[in-house]
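Reader: I am new to this structure and would like to know what the terms used for it rest on. Please set each value against its definition.

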Amino acid sequence: MPTDAALPGAAESYWMSSTDATRFAPLTDDVTVDAVVVGGGIAGLSAAWELAASGRSVAVVEADRIAAGVSGHTTAKLTAQHGLVYGRLRRTRGEDGARLYARSQQDAVERVAELAGTLGIDCAFERASAFAYTLDPGALAAVRDEAAAAREAGLAAEYTGQCDLPFPVAGAVRVDGQAQFHPRAYLLGLAAALTARGGTVYERSRVTGLTEGEPCRVTTESGATVTARDVVVATGYPVFDRALLFTRLSPRRELVVAAPLDAAAAPRGMYITEDGGKRSVRTAPLPDGRRLLIVTGEGFTPGAGRVAERFRRLDSWMHERFPVAGTAYRWAAQDNDPTDTVALVGPLHPGARHTFVATGFGGWGMSGGVMAGRLLSELIGGRRPAWAGLYDPARIGPVIREAPALLRQQADVARHFLGDRLRPASGTLDGIAPGEGAIVRVGGHRCAVHRAEDGTLHAVSARCSHLGCLVAFNAAESTWECPCHGSRFAVDGTVLQGPAVHPLEPRPVDPERP
């Protein structure tokens, strides 16, 4: 496999590279607040802001750095147009369900516009139309149906045959009144406003324990505890899963490449298609007056492999269709797809009174995360918005109607959990090239072994610390990934992304052992 150096662009997110690093202190002492939010992405920070704005004392506890996980690696479309979703919602949730979905998502778009203005957050907020297009004339019936369903749901939607992409399309749904922004600039501004209001943010404080009650307590790996009446778990994939939500979530990783182009040549809208594998396109303003074209696609299950090949394919697609300069950035993002289309936002489990969860945004976490923050704040305040039932994790009917998707997801997990154990470890220590990794049997145990560029071997347990699936190596990002539920680990076993909260255990390696 070609080395990482052969991949296009710098291996960093533009959103991360164009903003300053945060340095909030870790949680070292026990604290008591009205509400604690576990997770410092857009869902967590939005919930924290809404709770603080309602007069509550709030603490945000983040395992790494705020706005540096999924929210720092998104495409950052802020839109209620989520591909061809409204036709599906109309069939599975009825017209009222589709209408509530549209209202709640558009409300989130307007909330960001409002807060960016009132709080003075410079986050490159721009209004733009959102398009879901197809190149296939045979798919036009579905596109026309989507335009009608989105319009009936209350969005400013229409069918069109025209886009300002530099290649022809067969047809598209156009939804006006949407937006795009710099997600990390927005969230850092929101965090600053939160702390100015008296809220606290703790970084490098991984939460490993939750005790429900009146009050609740969350405990970090250092032993420090936050006591609070209410707890919001907004960690992407829930690190606490007392309602078996993992049976209804499928992790999906997507790649992003970005390159500058002249502003005059930049498409003005935001675009997405599922033709030939997903392609998502938007632009962002650069300081020199040009625009940065951001292209997302090549979705895959974590641990599926061939990531370098996927990066190159996506990069080639961009260069073949747009007059861009050299690729400047590449990065990847990860989200979780719910089996029944709609995010899971509400009580953590059916008996929960003071613990809440937000997950399963299906790649639309910008509007979904803001919506979740507002919804959870209302629920904690004793109010129930009209769309609370739509997102309630305890919903049963939609899950039953979309049972085939749930069964497929569980079959995939079972295939990895059982099948990977039956498959013999295929690697050898001598066969691991510098920069590569493999599952190797050492001393009778399966080990995840990586060889650094200087030849040093690092070995950790090959079993994910979440539920025990075998991890696989992503050579393009130098990470170990769990294909069952999406946990990701550094080569030394450190947790990079949950639901795992504990590292992969280190393993001794005898270089002389075959």
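Reader: How much space lies in the second largest pocket, and what makes a set of points a pocket?

Author: This is a predicted model, in which local features need pLDDT of at least 70 and side-chain atom pairs count only at pLDDT 80 or more, while totals for chains, interfaces and linings use all residues. Residues are numbered from 1 along each chain as its sequence is written, and side-chain values use heavy atoms, with hydrogens and water left out. The second largest pocket holds about 620 Å³ of space. On a 1 Å grid over the protein atoms alone, a pocket is an open set of points with protein on both sides within 12 Å along at least five of seven lines; a cavity is a set where a 1.4 Å probe fits but cannot get out. The volume is the space filled by probe spheres set on the points, which are joined across faces, edges and corners.

Reader: Which residues that line this pocket are closest to its centre?

Author: They are His82, Arg88, Glu274, Gly362 and Trp364, out of 32 lining residues; a lining residue has an atom within 4 Å of a point. Elements that give two or more residues to the lining include α3 (86-118), β5 (126-134), β12 (249-261) and β13 (270-273). Helices (H or I, at least four residues) and strands (E, at least two) are DSSP runs numbered from the N terminus.

Reader: Why is Val256 called buried?

Author: Buried means under 20% relative accessible area, exposed over 50%, and partly exposed in between, with a 1.4 Å probe and protein chains only. Val256 has 1% relative accessibility, so it counts as buried. Val256 is found in strand β12. Contact means heavy atoms within 4.5 Å, and, leaving aside neighbours within four places in sequence, the contacts of Val256 include His73, Ile294, Phe311 and Trp331.

Reader: What makes β5 largely enclosed?

Author: Seven of the nine residues of β5 are buried, so the strand is largely enclosed by the rest of the structure.

Reader: How do you know that β5 pairs with β7?

Author: Two strands pair if DSSP finds at least two bridges between them. β5 and β7 (residues 171-180) have eight bridges in the antiparallel sense, so they meet that condition. Arg127 has Ala179 in β7 as its bridge partner. β5 is also joined to β13 by three bridges, and these two strands run parallel. There, Ala132 has Ile272 as its bridge partner.

Reader: Why are β22 and β25 said to stand at the edges?

Author: The open sheet has four strands in the order β22-β23-β24-β25, with antiparallel pairing. β22 (472-474) and β25 (495-497) each have a single partner strand, so one side of each is left without a neighbour in the sheet. β25 pairs with β24 (residues 488-489) over two bridges, and Phe489 stands opposite Val495.

Reader: What makes a set of residues a nonpolar core, and how many residues does the largest one have?

Author: A nonpolar core is a set of buried Ala, Val, Leu, Ile, Met, Phe, Trp, Tyr and Cys residues joined through side-chain atoms within 4.5 Å. The largest has 81 residues, and among those with the most contacts inside it are Tyr86 and Phe181. Helix α3 gives this core its largest share, 11 residues. A second, separate core has 27 residues, including Val281 and Trp317. In soluble globular proteins, nonpolar side chains tend to be buried together.
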